[in-house]
Each structure stands twice: as structure tokens, then as C-alpha cells.
Amino acid sequence: MNAHEARRLALSLPEAAEQDHHGRPSFRVAGKIFATLWDEGHMNVMLDEPGILTAVEGHTWCAERWWGKRLAAVEVDLETADPTVLAELLADAWEGKAPKRLSRPSQEARRA
């Protein structure tokens, strides 16, 4: 994968938009960041702590990203990332930030 492909995955989610965040591209829904493109080779995906830990344990191309003392995101190495899994991580992060009105039927089924 590359930064262009990762950007395309993030922007394919409903109402996702790209916006600058301290000089880096961020991907947002309803104004809330669900991912950032840290550099051309890395994307940070903002999951909850259990989601971060699961991703890191399951994929060698994922690493913990800390902001101070807080575990804040999954750092994805785009060169070795699995596009299908990255799409799932982005969808999970998007779901955590999206307003309820955007909830997809498949998300409702997963919760049941």
C-alpha cells in the first residue's frame, strides 16, 4: 500500500473528509478525527484501547502510537499493511466518531 491508497480507503467512508491537522492530513467525520496520515509511509488510526491492542497483537505492521502517557492510535506501516484489514480498522475508527445517523445496517448487525 501507499499513502494514496490509504487516503482513498479513509475517504471512501460516509461523509469522511480530509483536513489539515498540524501540517498533516487528517480524516474526519462530523469534525472528529478518525485517522491521520503521519507521513508517506504511516497512517495513524484512532481506535479505542482494546482495538489498538488487538490490532497490534494480530498484525506485525501495526504498532502502538502514544501521545504522552495515553495510548491513542494504531500506527500502520503502509508498505506492509494488508489493505483489507486497514479498511476494517478505518471503518472501526470511523464508527467510533460518526454520528448515529450515519450508522450502517451492517454495523447494527454486528452489534446484535
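Author: Happy to! The buried residues of helix 1 are Ala-3, Ala-6, Leu-9 and Ala-10, where buried means under 20% relative accessible area and exposed over 50%, with partly exposed in between (1.4 Å probe, protein chains only). These four cover an arc of only 120° around the axis, which puts them on the same side of helix 1; the arc is taken from the directions from the helix axis to the C-beta atoms. On the face turned away from that buried side, helix 1 carries the exposed residues His-4 and Arg-8.

A word on the source: this is a predicted model, in which local features need pLDDT of at least 70 and side-chain atom pairs count only at pLDDT 80 or more, while totals for chains, interfaces and linings use all residues. Residues are numbered from 1 along each chain as its sequence is written, and side-chain values use heavy atoms, leaving out hydrogens and water.

What does the buried side pack against? Its partners are strand 2 (24-29), strand 3 (32-39), strand 4 (42-45) and helix 3. Helices (H or I, at least four residues) and strands (E, at least two) are DSSP runs, numbered from the N terminus.

Now for helix 3. Ala-6, Leu-9 and Ala-10 in helix 1 meet Pro-83, Leu-86, Ala-87 and Leu-90 in helix 3, contact being heavy atoms within 4.5 Å. By class, this contact has 7 nonpolar, no polar and no charged residues; Ala, Val, Leu, Ile, Met, Phe, Trp, Tyr, Cys and Pro count as nonpolar, Asp, Glu, Lys and Arg as charged, and the others, Gly among them, as polar.
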